[in-house]
There are 2 protein chains.
Amino acid sequence: MGDLTTSGWTDADIERLLAPVARELAAPTSLSPLPYDLNAGVPDRASLPWRELAEAAARALEADPGGALTYGGTLGYEPLRAWIAERNAAETGLELNSSWVTLTSGSAHAIDNIAATFTAPGDVVVTGAPTYPGAIRTFRARGAEIVTVPQDGDGLEMGPLASALEAQRAAGRSVKLIYVVANYDNPTGATLPEERRIELARLAAEYRALIVEDDAYTGIDLDGPPPTSLFQIMGGEGILRVGTFSKTIATGLRSAWILATPRVIQALTYMRFDNGASPFVQRMIFEYLKTGAYDPHVARLQGIYRERRDAAVSALRERCDSFVTFEVPRGGFFLWLRLREGLEARALARAATEVGVAITPGQMYYAYEGGERNVRLVFSALPPEQLHDAITQLGRACAAARVTP
Amino acid sequence: MGDLTTSGWTDADIERLLAPVARELAAPTSLSPLPYDLNAGVPDRASLPWRELAEAAARALEADPGGALTYGGTLGYEPLRAWIAERNAAETGLELNSSWVTLTSGSAHAIDNIAATFTAPGDVVVTGAPTYPGAIRTFRARGAEIVTVPQDGDGLEMGPLASALEAQRAAGRSVKLIYVVANYDNPTGATLPEERRIELARLAAEYRALIVEDDAYTGIDLDGPPPTSLFQIMGGEGILRVGTFSKTIATGLRSAWILATPRVIQALTYMRFDNGASPFVQRMIFEYLKTGAYDPHVARLQGIYRERRDAAVSALRERCDSFVTFEVPRGGFFLWLRLREGLEARALARAATEVGVAITPGQMYYAYEGGERNVRLVFSALPPEQLHDAITQLGRACAAARVTP
């Protein structure tokens with residue numbers, strides 16, 4: 001055996017064996033060790049309902065130990081799927097049941113499942129520019145080509161989307177998916193107005209591309225409910241709606257779902273390779289939901305995040321007005337700052353690091369070029385006073401980073 | 001909006017949009033509704049440590065609600081990774097630490113992560129014939145070509161493996177991975193003898209293919225410890241060892257790991273698209289391990305499964321001796337039955353269904369042809385008396401299905 005233990009595998013051997021795409025992708029995101037993290041899109045820690053979840057876990061285990069602790073199937077725990085279908089039916093007026101729902105390990109995993117099912121190398125996926133970088137990585141990992149459509153303050157622009165779809169058709173290429181965060185976009189915070197939703201739905205139907213409506217932030221409504229969902233507008237056809245408990249209960253549960261027609265759900269289960277997500281976690285969540293605590297909890301979160309958004313907005317106006325402009329988001333976790341003349345995103349992010357603030361340069365959110373005049377600011381993770389302090393520091397970083405021509 | 005709700009997406013539209021591989025894969029496995037399930041490789045339900053896990057969940061949440069319920073990073077909870085590294089270091093004598101470990105959502109997900117990282121369309125993955133069908137599906141989903149090597153009662157045959165590797169090299173093709181369940185194989189129950197392990201390690205090093213050592217059943221040792229691991233023989237280089245808590249704690253946790261050099265672990269994290277597995281579940285498991293209950297629990301499981309294996313073996317000798325032959329496995333959950341003259345696997349499975357017994361025809365475990373003279377029998381899920389009854393019924397099914405020439 002001694003010979004083999006010195007068989008001398010080198011890093012170059014490993015490099016040579018990697019799938020090519022594993023060399024090409026951007027790194028996954030990670031948390032910052034800096035004192036003020038305006039970087040990670042994470043919920044408030046103090047409001048996590050951990051006591052209720054501990055009780056729910058105990059009830060789920062006691063009620064059916066074998067069910068909670070044995071493989072639960074690829075689709076996931078049926079009562080939770082039915083609960084999700086009922087909520088969506090009540091919201092949209094569509095007739096839905098649990099056969100419209102599959103449960104995943106977080107919405108990132110949901111997007112991966114969708115990418116696996118519908119994209120093959122060379123297929124086109126349309127996203128906004130900017131958009132959620134996890135989606136870019138995930139689609140690229142399946143060999144998809146990302147075609148981007150610009151976003152303005154109201155989200156995806158419909159004229160460029162129509163042109164992009166037509167150009168792909170003219171080139172004989174198949175646009176499989178149009179990925180959109182219609183409510184409280186990551187990173188822009190934009191909410192797509194109803195008229196754009198109707199136009200997006202029309203274009204997707206005309207070009208027979210599936211819409212992926214990523215609802216990661218839906219529920220974090222800070223100025224009343226968002227416009228009619230794309231899912232409702234499309235009557236549930238030709239669309240996959242991705243929802244999650246990450247922002248309304250806890251990101252650490254890794255529990256989310258995809259809502260789509262039963263035929264699409266069936267196709268998604270074929271492209272699952274994890275033997276299903278955890279039935280224990282799914283049952284724990286269902287026990288928590290059954291208590292009725294969920295809606296009041298979400299209402300409480302809305303209050304917390306509204307206060308944080310407003311604190312961030314006033315601090316920015318007070319401390320950063322000569323450096324940035326922005327629009328006030330109607331929900332979610334993010335402010336998308338446009339940098340005024342003389343500021344560049346990476347330079348600002350570096351200067352912010354010097355004063356203890358983590359903030360994400362806009363380039364992170366672009367599949368290709370772009371974002372050098374934007375940064376994303378997360379207002380969800382810090383309480384108002386700390387947000388104020390962080391943004392005061394950010395103002396100093398802006399002053400330090402500004403280049404006067 | 002009315003127009004769009006009748007936009008008339010058809011199943012044919014969805015079919016056209018599917019990734020080609022989503023049409024080609026076999027269906028994922030599912031549980032049987034029959035009274036005697038000798039089909040699903042699941043642990044005994046009565047011995048699931050649900051009370052201890054409920055307490056562990058409460059402790060994990062109370063000790064650090066924010067840590068348990070917020071994204072935990074792609075690698076996973078460091079103390080659990082360190083625990084796994086220490087166990088493997090103690091077993092193998094190698095110097096290992098947490099940078100050698102990444103946590104996944106079950107070992108099926110671990111295999112998917114490995115497939116994503118190392119295989120591109122056209123790459124070759126070597127597996128046994130037969131082998132675990134989940135592995136076949138997962139590698140094929142990434143476009144890999146499966147090259148099979150026959151298995152005998154001692155597992156993978158080394159002569160054919162050497163020939164297969166040489167043939168691929170001669171054809172100028174890259175063998176990326178050799179997938180093997182060296183301990184208590186699924187489906188054959190075979191344990192690879194030490195001399196074959198040494199030869200396998202030598203061949204993998206010579207051809208610079210990575211070994212995937214799937215240890216799903218390791219720990220379920222029914223006749224003492226298994227031979228030296230491939231991981232130890234290879235000094236930890238050029239190998240990915242996949243371990244799981246599924247069979248020793250609970251399949252419903254969906255918690256497993258990959259052990260490999262830090263360079264390989266880093267590559268694996270690039271090809272994760274789930275924002276990490278659940279830190280809550282990882283911390284719950286760690287709290288359970290900390291109590292010291294794990295080793296006595298595994299010892300108890302060994303006793304339970306030994307009794308079931310022995311019950312299945314005597315029932316088979318008593319009731320099915322004129323229909324099947326088999327070797328007695330040293331561990332794991334499975335008996336691999338060879339059918340005597342006049343019996344065919346699918347016909348027997350159908351006849352078994354008639355008498356209330358679910359059993360898996362051997363064809364399920366072959367990437368190509370084969371398996372018509374085998375069935376897999378799971379002895380882990382049923383207590384001895386029920387196993388005896390099920391196998392009595394199976395004997396009737398054998399009599400009914402036998403074709404006399």
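1. Ground rules. The model is predicted, so local features need pLDDT of at least 70 and side-chain atom pairs count only at pLDDT 80 or more, while totals for chains, interfaces and linings use all residues. Residues are numbered from 1 along each chain as its sequence is written, chains are lettered from A and ligands numbered from 1 in the order in which they are written, and side-chain values use heavy atoms, leaving out hydrogens and water.

2. Aromatic pairs. Over all chains there are 25 aromatic pairs. Rings of Phe, Tyr and Trp (its six-membered ring) pair if their centres lie within 6.5 Å; planes under 30 degrees apart are stacked, over 60 edge-to-face, and the rest tilted. A:Trp83 and A:Tyr294 are edge-to-face, because their ring planes stand at 80°, with the centres 5.7 Å apart. This pair links distant parts of the chain, 211 residues apart: A:Trp83 is in helix 6 (residues 78–92) of chain A and A:Tyr294 in helix 14 (residues 294–319) of chain A. Helices here are DSSP runs (H or I, at least four residues), as are strands (E, at least two), numbered from the N terminus.

3. Burial of that pair. Buried means under 20% relative accessible area, exposed over 50%, and partly exposed in between (1.4 Å probe, protein chains only). A:Trp83 is buried at 18%. A:Tyr294 is buried at 9%. Ring pairs also join A:Trp83, A:Phe245, A:Trp257 and A:Tyr294 into a cluster.

4. A tilted pair in chain B. The rings of B:Tyr305 and B:Phe333 have centres 5.0 Å apart and planes at 50°, so this pair is tilted. B:Tyr305 belongs to helix 14 (residues 294–319) of chain B, and B:Phe333 to the loop between strand 10 (324–325) and strand 11 (334–339) of chain B, so the pair ties together parts 28 residues apart in sequence. B:Tyr305 is buried at 0%. B:Phe333 is buried at 0%.

5. Charges over rings. The cut-off: NZ of Lys or CZ of Arg within 6 Å of the ring centre and within 35 degrees of the ring normal. A:Arg208 puts its charged end over the ring of B:Trp9, 4.7 Å from the centre. B:Arg208 lies over the face of A:Trp9, at 4.7 Å from the ring centre.

6. Helix 8 of chain A. Of the 9 residues in helix 8 (residues 133–141) of chain A, 8 are buried. Among them are A:Pro133, A:Ile136 and A:Phe139. The partners of the buried residues include helix 7 (106–118) and strand 4 (145–152) of chain A, together with helix 12 (262–270) of chain B. Contact means heavy atoms within 4.5 Å. Just after this helix, A:Gly143 has a positive phi of about 85°.

7. Axes are lines fitted to C-alpha atoms, for helices over the stretch in contact, with angles from 0 to 180 degrees between N-to-C directions. Helix 4 (residues 50–63) of chain A packs on helix 4 (residues 50–63) of chain B at about 175°, axes 9 Å apart. That makes the two helices roughly antiparallel. Angles under 35 degrees count as roughly parallel, over 145 as roughly antiparallel, 65 to 115 as roughly perpendicular and the rest as oblique. The contact includes A:Trp50 and A:Leu61 of chain A, and B:Trp50 and B:Leu61 of chain B.
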